[in-house]
Amino acid sequence: MTDLTATAIAHPNIAFIKYWGDQDPKIHLPANGSISMVMDCLGTKTSVTFDPDFVTDLLTINDKAASQKSLVRVQRFLQIIRDMANWQMYARVVSENNFPMGTGIASSASAFAALSLAATKAIGLGLSESELSRLARHGSGSACRSIPSGFVEWTAGEDDNTSFACSIAPPNHWELMDLVVVINKEHKKVGSVEGHRLAATSPFQKTRVHGSPQRLDTCRQALLTKDFEKFADIVEFDSNLMHAVMMTSHPALFFWEPASLELIKQIPYWRKKGLPVCYTLDAGPNVHVITLSQFAEEIKERISSIPDILNVLCAKPGLGARLSDRLTFC
Ligand code: DP6
């Protein structure tokens with residue numbers, strides 16, 4: 001019998017082949033599959049306590065009562081778990097991030113992955129990894145990729161049961177390093193829910209989705225064979241394709257800042273000079289600079305010569321969501 005409380009940690013992840021647009025937005029059923037890396041060193045710790053005396057769910061993030069918007073999102077998610085387990089009690093959720101909030105690093109993936117594990121454990125619901133991944137997807141699509149370890153593929157699937165993520169290689173498979181170049185700390189003006197909805201308004205989205213099985217194959221193969229040249233080429237291409245869709249949506253979404261563009265222009269040139277390095281950007285101006293760990297210092301030095309960079313965070317391949325009450329890793 002459980003004491004109705006559990007604590008879990010999970011990391012964010014960076015997509016090499018992106019999720020952008022849904023087949024069914026209500027259940028975050030994506031238009032295409034995606035591939036990502038769990039980002040060790042950055043993480044969320046979440047404790048969940050169910051109590052028969054609570055009259056509603058409560059949410060604290062980094063020692064502060066959460067906004068109404070975040071609370072409603074978490075309440076809806078907890079209700080899915082209650083319905084699934086035929087459970088009646090409300091919960092207190094206490095969540096902490098070890099990476100500074102508002103740095104433009106999406107915390108929803110690590111948050112919903114940690115919450116999925118902590119909430120289900122607290123009520124003694126033992127889910128398999130794929131069941132947990134499916135569940136986390138309901139909170140935030142990309143959260144399903146923070147349940148497994150290392151290098152992860154999310155199969156788009158055709159319905160709720162068939163859409164979840166699995167590990168394709170463990171964290172120690174390849175010593176990649178993600179240098180997250182923080183360019184703008186402002187919160188996103190357009191959230192991902194709205195962005196996914198707008199994807200279908202771009203004439204390029206159909207082409208992007210149609211070519212995704214081929215790009216997934218190329219990326220998976222490059223990762224498994226550790227072919228950096230091939231990997232760099234497909235990762236940059238896929239990021240550019242997603243941003244082309246964003247820029248041609250109605251209304252158009254432009255996320256890049258001048259410093260983002262400067263890096264996008266410089267990085268392929270550094271690669272031509274022999275450095276293993278490439279870029280990818282999510283729905284924001286921050287640039288994820290991917291390299292091999294032994295080149296990280298040299299690349300960081302080059303990044304520091306670009307104007308208007310706020311700071312650089314480092315992440316290596318990490319483990320999936322797990323029960324723990326420690327928020328220090330690396
Ligand atoms: C650009 O998973 O944040 O980062 O399901 O609405 O929470 P919601 O969206 P989210 O979308 C991620 C979009 C992306 C690309 C990616 O991570 O694959």
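**Cores, a helix and a ligand shell**

Colleague: Which residues is V48 in contact with, beyond its neighbours within four places in sequence?

Modeller: Bear in mind that this is a predicted model, where local features need pLDDT of at least 70 and side-chain atom pairs pLDDT 80 or more, while totals for chains, interfaces and linings use all residues. Numbering runs from 1 along each chain as its sequence is written, and side-chain values use heavy atoms, with hydrogens and water left out. Counting contact as heavy atoms within 4.5 Å, V48 is in contact with L4, T5, A6, A91, R92, V93, L115, A118, A119 and A122.

Colleague: And which element gives the largest share of the largest nonpolar core?

Modeller: That core has 30 residues, and V48, F50, V74, L78, V93, L115 and A119 have the most contacts inside it. (A nonpolar core joins buried Ala, Val, Leu, Ile, Met, Phe, Trp, Tyr and Cys through side-chain atoms within 4.5 Å.) β1, β6, α1, β9, α2 and α3 each supply at least two of its residues; helices (H or I) are DSSP runs of at least four residues and strands (E) of at least two, numbered from the N terminus. The largest share, eight residues, comes from α2.

Colleague: Is N97 buried or exposed?

Modeller: N97 sits in strand β9 (residues 90-97), and its side chain makes a polar contact with that of T44 at 2.6 Å. (Such a contact is an N or O pair within 3.5 Å; within protein, one atom must be able to donate a hydrogen and the other to accept it, and for residues adjacent in sequence both must be side-chain atoms.) The cut-offs, with a 1.4 Å probe and protein chains only, are under 20% relative accessible area for buried, over 50% for exposed and partly exposed in between. N97 has 13% relative accessibility, so it counts as buried.

Colleague: Which residues of helix α3 are buried?

Modeller: Their cover includes β4, α1, α2, β10 and β11. Within α3 itself, residues 129-139, the buried ones are L132, S133, L135, A136, R137 and G139.

Colleague: Which helix gives the most residues to the ligand's shell?

Modeller: The ligand has 16 residues around it, with Y19, S140, G141, S142 and R145 coming nearest; being near takes a heavy atom within 4 Å. Three residues of the shell come from the helix that gives the most, residues 192-199, which is α4.
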